[in-house]
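Have the model open as you read.

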Amino acid sequence: MTFHAKFSGYADPALHAVGLYIGGKWQSGSGITVLDPSTGNLLAEVADASIEDAQRAVDAADAAAAGWRATPARQRSEILRRWYQLMTQHAEELATLIALENGKALADARGEVAYAAEFFRWYAEEATRIPGEFRHTPSGSHNILVDHEPIGIAVLITPWNFPAAMATRKIGPALAAGCTVILKPASETPLTAYAMARLGEEAGVPPGVVNVLTTSNPGGITNAMLADPRVRKLSFTGSTGVGRVLLAEAAKSVVSCSMELGGNAPFIVFDDADLEVALDGAMIAKMRNAGEACTAANRFYVQAGIHDAFVAGLTARMKSLKLGPGYDPETQCGPMITQNAVRKIDRLVSEALAAGARATTGGKPLTENGYFYPPTVLENVPVNASIAREEIFGPVAPVYKFESDDEAIRLANNTEYGLAAYIYSRDLKRAMKVGKRIETGMLGINRGLMSDPAAPFGGVKQSGLGREGGVTGILEFMEPKYFAVDY
Ligand code: NAD
């Protein structure tokens, strides 16, 4: 891996990795360029894995599998705990690396590192509490014993928007369960993944237990790994479109899949909400990572009585945000990940404006260097505009006015997605009643941030299959085995 001046100046050299990480060995290479999204300048170049490299990674994961599975849970737990401690010790360097390659503001990057490390701490604890079952058969003549075994080699594919947390949310439970893994991070943000692998080595993760590959051919490499009968799990976080393709591919060899896919979160504000609380929550739910989050509020449904005050308050807050490179400590809103991301946001906003929406702030991409889109609020947006159907993945808040609770529920559910939703009301009974009718995997009531390693994260409908985090997250990497015993 080569490092360019900007990168070397910001990141701790101890975290500079050298390329593919297979079987505990670093294999240098080049072919994938990593850009600074705030300038478009080259940041680093990393290795581009071939299909043969992927096969070697499966060999390495297989060679390590029996030993890791047989390692006492307490020992696996302590390795994860050390990895958590090392991430915490190196939090500032990791945050800088994330801010550099992803573009998010340092405050968000620091929050991500703390969140990411917590998955290792949580699963260090869960590793020693793997549940089993002992039951009586209904006939009373026998007993039912259920054990949980590691599912086998797991392929983990992660997106660029949370380069640390999406990886630890998979590696933590997989290692705790006794599985060995191959991580394929997004090509836009590989440096964080390699830096974390470096820390994993230092924490004592044995060679081959965690392998990391970057590639410009994700489809070819993933298909080759899924076709290998030793691979028994695919855990994917990314867009619904790629998720559908991977589900079809995994079907060929009936590989177990966990899918964390796209979202289109409604943010419902009732007339009886505390306006300041709702605005604080809206800023978190919309602007964490400059809107590049699967849980980001994508549609603001605001009841008629509070609508104008909410739009005015949100506009003032969005206008006041300081744009800049993520690694500048003053920055509150960083660049988008790529120029294509800016083009997509521009298309959605332009279509909404053409359909009758009005921008109270922002509304056009910036023309400076880098991939910036300004914080934008749109009002009077038609409920069937493309911006209400597609993930915006940027700092744009479209606001829609509604009258009744039933109308809010109907609008909120009018999407193929069902990952996250938010409700603001002072009346908890009303919020719970409405919440029960929203089709979502996660619901924030008077809270704009719901992610917690101790809670089950995931979606319904086309937002995904399975859950990460919480007490059930480890079971995604295990198979129940039923023992029918006569004794
Ligand atoms: P993406 O689907 O384009 O890419 C995700 C990962 O899949 C990357 O590593 C990419 O290289 C890889 N990939 C792409 N094509 C592939 C193929 N054919 N085979 C195998 N791998 C392939 O998504 P993205 O743009 O990186 O991330 C943004 C998306 O991720 C958004 O839709 C967002 O909502 C979603 N997301 C979901 C969650 C969640 O927990 N539900 C969390 C974060 C992001």
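Is Lys 170 buried or exposed? At 0% relative accessibility, Lys 170 counts as buried (buried means under 20% relative accessible area, exposed over 50%, partly exposed in between, with a 1.4 Å probe and protein chains only).

## Before you dig in

This is a predicted model, so local features need pLDDT of at least 70 and side-chain atom pairs count only at pLDDT 80 or more, while totals for chains, interfaces and linings use all residues. Residues are numbered from 1 along each chain as its sequence is written, and side-chain values use heavy atoms, with hydrogens and water left out.

## Lys 170 and its partner

Lys 170 pairs up with Glu 468 in a salt bridge, with 2.7 Å from N to O (a salt bridge is a side-chain nitrogen of Lys or Arg within 4 Å of a carboxyl oxygen of Asp or Glu). Lys 170 sits in helix α6 and Glu 468 in the loop between β20 (464-465) and β21 (478-485), so the pair ties together parts that are 298 residues apart in sequence. Helices (H or I, at least four residues) and strands (E, at least two) are DSSP runs, numbered from the N terminus. Glu 468 is buried too, at 5% relative accessibility.

## Helix α6 against helix α5

Helix α6 (residues 165-177) packs with helix α5 (residues 106-126) at an angle of about 5°, and their axes are 8 Å apart. Axes here are lines fitted to C-alpha atoms, for helices over the stretch in contact, and angles run from 0 to 180 degrees between N-to-C directions. That makes α5 and α6 roughly parallel (under 35 degrees; over 145 is roughly antiparallel, 65 to 115 roughly perpendicular and the rest oblique).

On the α5 side, the residues in contact (heavy atoms within 4.5 Å) include Phe 119, Phe 120 and Tyr 123. Among their counterparts in α6 are Ile 171, Gly 172 and Pro 173. The contact residues split into 9 nonpolar, 2 polar and 2 charged (Ala, Val, Leu, Ile, Met, Phe, Trp, Tyr, Cys and Pro count as nonpolar, Asp, Glu, Lys and Arg as charged, and the others, Gly among them, as polar).

## Other salt bridges

How many salt bridges does the structure hold? There are 24. One of them joins Asp 53 to Arg 56, with the closest N and O atoms 3.1 Å apart. Both lie in helix α2 (residues 51-70), 3 residues apart, about one turn of the helix. Asp 53 is buried at 10% relative accessibility, whereas Arg 56 is partly exposed at 36%.

Glu 379 and Arg 358 also meet in a salt bridge, at 2.6 Å from N to O. This pair links strand β16 (residues 376-379) with strand β15 (residues 358-361), the two residues being 21 apart.
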